[in-house]
Amino acid sequence: MTISIGNDHAGTDYKNEIISFLEKNKINVINHGTNTNDSVDYPDFVHPVAKDVEEAKVEFGIIICGSGNGASMTANKHQNVRCALCWTNEITKLARAHNDANILSIPARFTSMSQAIDMVKSFIATPFEGGRHQKRVEKIACK
């Protein structure tokens, strides 16, 4: 499995912990940065992650910013991207199971590090249920 990851300055520490967790679990990571805590513009680091997902270069994406909102809005501009802003494990599982989310947006200023790692675990492990949810997912993209 390969996961693409990107963040702004609010998410650097979270990203580093998440990468460490992923690599310990033999998951390949494409890191689009930023790698510092200096102020940056989140779209510069989110668009490459969304493009990786859009072009099926990776199975999933993870994006991190202060609130998770700007990153999520940016990612969802890409076709075939279903980015879910999650702040609890339950929401994360539902985003995968019911919405087939393929990018997890984490609000660094509103989740603890351990919550973020737990959400990543759930995001990766939870399968899409399909069934009644499939037709709804198919209606998401604008044509």
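User: Where is Thr 34 found?

Analyst: Thr 34 is found in the loop between β2 (28-31) and α2 (43-54). Helices (H or I, at least four residues) and strands (E, at least two) are DSSP runs, numbered from the N terminus. This is a predicted model, where local features need pLDDT of at least 70, side-chain atom pairs count only at pLDDT 80 or more, and totals for chains, interfaces and linings use all residues. Residues are numbered from 1 along each chain as its sequence is written, and side-chain values use heavy atoms, with hydrogens and water left out.

User: What makes the peptide bond of Gly 33 and Thr 34 cis?

Analyst: Its omega is about 0 degrees.

User: Why is Ala 56 called exposed?

Analyst: Exposed means over 50% relative accessible area, buried under 20%, and partly exposed in between (1.4 Å probe, protein chains only). Ala 56 has 63% relative accessibility, so Ala 56 counts as exposed. Ala 56 is found in the loop between α2 and β3. Its phi is positive, about 55 degrees, although Ala 56 is not a glycine.

User: Why does Asn 80 count as partly exposed?

Analyst: Asn 80 is at 49% relative accessibility, so the label is partly exposed. Asn 80 lies in the loop between α3 (69-75) and β4 (83-85). Asn 80 also has a positive phi, about 65 degrees.

User: Which residues does Ile 62 touch?

Analyst: Contact means heavy atoms within 4.5 Å. Not counting residues up to four places away in sequence, Ile 62 touches several residues, including Ile 3, Ile 18, Leu 22, Val 49, Leu 104 and Val 120.
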